[in-house]
Amino acid sequence: FLQNNPTALGNPALDPETIDTTELVFDYQLNFDNHLVLNMYRFKAKDLIDKAPVPGTSFLQTANVFDLEGKGAEFEWTYRPAALWRVDFNFAYQNTVNAATDQRVANAPGKSASLRLYYDVNSDWQVSGWAHWIADRRRATTDTRIPLADYQLWNLSLNYQPSDSPWRVKTTVRNLFDKMVYDPSGTA
């Protein structure tokens, strides 16, 4: 029932968004040092709300504009190779399409992964380094700009928390190698 907005109109006939999801998860503690998780899912999201042009005017109106269907999987592995070390690995795949056009949703990564290594220097200090990889992002079919490149970022972190204190100090260097990274944006 949005009123008095110079650019968008409300919609009293708006339906709520709904989503039906099916998910299957395998969570297995192989031994004390190895933990594995595999998650597979499907979903159907209906009546998603967005702004749509009002025919014959320059206004936009809140409306139920589209439906999405998606599927994906995620794998996680936590490994402790030694008492002071821990490794976390994660890989995700997803494919989401507009149900009406059967076109893949723009800008969302189709694949991503992260790898993080932790080292406990002593009971108060911890060092960690991690890499994050993003791949397979497509632009909207109407976007004529060059495709987005896949990228990976490397980060370092140093944590200090005295064992007798609830306080922690953390310093982090993100994008350690000063990589030029571009994220999706709307069309110009």
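Which residues' side chains meet in a salt bridge at 2.7 Å, N to O? The side chains of R145 and D143 do so, a salt bridge being a side-chain nitrogen of Lys or Arg within 4 Å of a carboxyl oxygen of Asp or Glu. The model is predicted, so that local features need pLDDT of at least 70 and side-chain atom pairs count only at pLDDT 80 or more, whereas totals for chains, interfaces and linings use all residues. Residues are numbered from 1 along each chain as its sequence is written, and side-chain values use heavy atoms, with hydrogens and water left out.

Of this pair, D143 is buried, with a relative accessible area of 10%, while R145 is partly exposed at 34% relative accessibility; buried denotes under 20% relative accessible area, exposed over 50%, and partly exposed the range in between (1.4 Å probe, protein chains only). The structure holds six salt bridges. In another of them, R86 is joined to D88, with the closest N and O atoms 2.9 Å apart. R86 is partly exposed, its relative accessible area being 23%.

A salt bridge is also formed between D136 and R104, whose closest N and O atoms are 3.1 Å apart. This pair links distant parts of the chain, 32 residues apart: D136 belongs to strand 7 (residues 125–137), and R104 to the loop between strand 5 (85–98) and strand 6 (109–120). Helices (H or I, at least four residues) and strands (E, at least two) are DSSP runs, numbered from the N terminus. R104 is buried, with a relative accessible area of 15%, whereas D136 is partly exposed at 24%. Together with K111, these two residues are linked in a network of salt bridges.

The strands that flank these positions are paired, a pairing requiring that DSSP finds at least two bridges between two strands. Strand 5 and strand 6 pair in the antiparallel sense over nine bridges, and F91 has A113 in strand 6 as its bridge partner. Strand 6 and strand 7 run antiparallel and are joined by eleven bridges; the bridge partner of S112 is I134 in strand 7. Four residues lie between strand 6 and strand 7, which form a hairpin.

A nonpolar patch on the surface comprises L24, F26, L38, M40 and F75, with about 410 Å² of accessible area together. Patches are made of residues with over 30% relative accessible area and no salt bridge, like charges being joined within 9 Å and nonpolar side chains (Val, Leu, Ile, Met, Phe, Trp, Tyr) within 5 Å. Accessible areas come from the Shrake-Rupley method with a 1.4 Å probe, and for residues only the protein chains shown count as cover. Strand 2 (18–31) and strand 3 (34–53) each supply at least two residues of the patch. L38 lies in strand 3 and is partly exposed, with a relative accessible area of 31%.
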